[in-house]
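Thanks for coming, everyone. Let me put the structure up, and then we will walk through a few places in it.

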Amino acid sequence: MGEHGREVVAGPTVWLCPGQGAQRVGMGRDLAERFPAARDTFAAIDDALGVGLSQIIFDGPEDELTHTHNAQPAILAHTAAVFAVIGDRVDDVVAAAGHSLGEYSAYVTAGALTATAAAKLVRRRGELMQQAGTERRGSMAAVIGLAAALVEEACSAASQQDGVVVPANLNAPDQTVISGDPDAVHKAGELCKVKGAKRVITLKVSGAFHSPLMAPAANALRLALDKAEFAEPAFPVIANATAEPVKDAARARRTLADQLTAPVRWVEGMQHAARLAGDGARFIEIGPGTVLAGLLRRIVPGAQVISLGTAGEVTNFLEAG
């Protein structure tokens, strides 16, 4: 059944993998208790990272889980744990997409990365992003209720005076996150309000993600990606940086590195995924929360989507199948 009790029929499937901000203490604990495959996934990622990440995920403290270098592998671990339980029960997968760090999870679903290799990459990604944010302080803000083109105009105007600010996450037609130097982000936010934005919300982040301020992190991440063992994806993964399907490992490495300094083109990516999947497609969000399901309904009205994160949701899905 869907989030509001609607039955979701089988058909061409697109995996959706959540990004940072979806984490919460206790996520995945019920999965690990009920499903051995989920428990084994968390344990394997703990071993690969050499830290007791699952204990932080299950028990906190929250401020420890929120640190970028913990939050990123934690969300990936939860997604990978759900996938370990249901992945082989879903046929006819035509594509996958993940929001920011979720793009790494998407490559796990496509068999291009193992869960442990992906966890090591996003752990490194989180460390590099944190470091870049320390070296050059940045901020981010969500702009609600204003068309992306007008947000882009505000960013261009603000960038001329107070450093750099750019659209960073094009999440929905009326929701764009901006990122850059703090003064420029503030100025762009004020300009967005003048242009008619309903709200501008400052985000709690440790850097200006998906902006030129992340260039040092992107360069170092490129090296880690080059060394990682990547297989050819079994189906296309929609890249955040281009909103286009990626079908080979070499391009996957490039677009994952480019992603750090490029906007997350989520609206275009979901439109592309819907076209790729065609009529009767279903989207399955795996991991913590329901954010991507909510965004999809705003981008592709009428889309069939379910969110699977808890043991109860996964059990219901398996029993319905």
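Start with R124, which sits in helix α7. Helices here are DSSP runs of H or I with at least four residues, strands are runs of E with at least two, and both are numbered from the N terminus. R124 is partly exposed, at 35% relative accessible area. On that scale, buried is under 20%, exposed is over 50%, and partly exposed lies in between, with a 1.4 Å probe and protein chains only. Now look across to D279: its C-alpha atom is 39 Å from that of R124, and the two are 155 residues apart along the chain.

A word on what you are seeing. This is a predicted model, where local features need pLDDT of at least 70 and side-chain atom pairs count only at pLDDT 80 or more, while totals for chains, interfaces and linings use all residues. Residues are numbered from 1 along each chain as its sequence is written, and side-chain values use heavy atoms, leaving out hydrogens and water.

Next, the backbone. Most residues other than glycine have a negative phi, and most peptide bonds are trans. Which bond is cis between G60 and its partner? The one to P61, with omega at about 5°. P61 lies in the loop from α3 (53-59) to α4 (62-66).

Then phi. H210 has a positive value, near 55°, and is not a glycine. Find H210 in the loop between β6 (199-202) and α10 (215-227). H210 is buried, because its relative accessibility is 3%.

A243 also has a positive phi, about 65°, without being a glycine. A243 sits between β7 (237-238) and β8 (245-246), in the loop. Buried or exposed? A243 is buried, at 2% relative accessible area.

What touches A243? H272 does, and H272 also contacts E244 and P245, leaving aside residues up to four places away in sequence. Contact means heavy atoms within 4.5 Å. H272 belongs to helix α12, residues 266-277. With 14% relative accessibility, H272 is buried as well.

Last stop, the largest pocket. Its lining has 34 residues, and Q20, G21, A22, L203 and V205 lie nearest the centre. A pocket is an open set of points on a 1 Å grid over the protein atoms alone, where a 1.4 Å probe fits, with protein on both sides within 12 Å along at least five of seven lines; lining residues have an atom within 4 Å of a point. Several elements each supply at least two lining residues, including α7 (115-135) and β4 (165-172).
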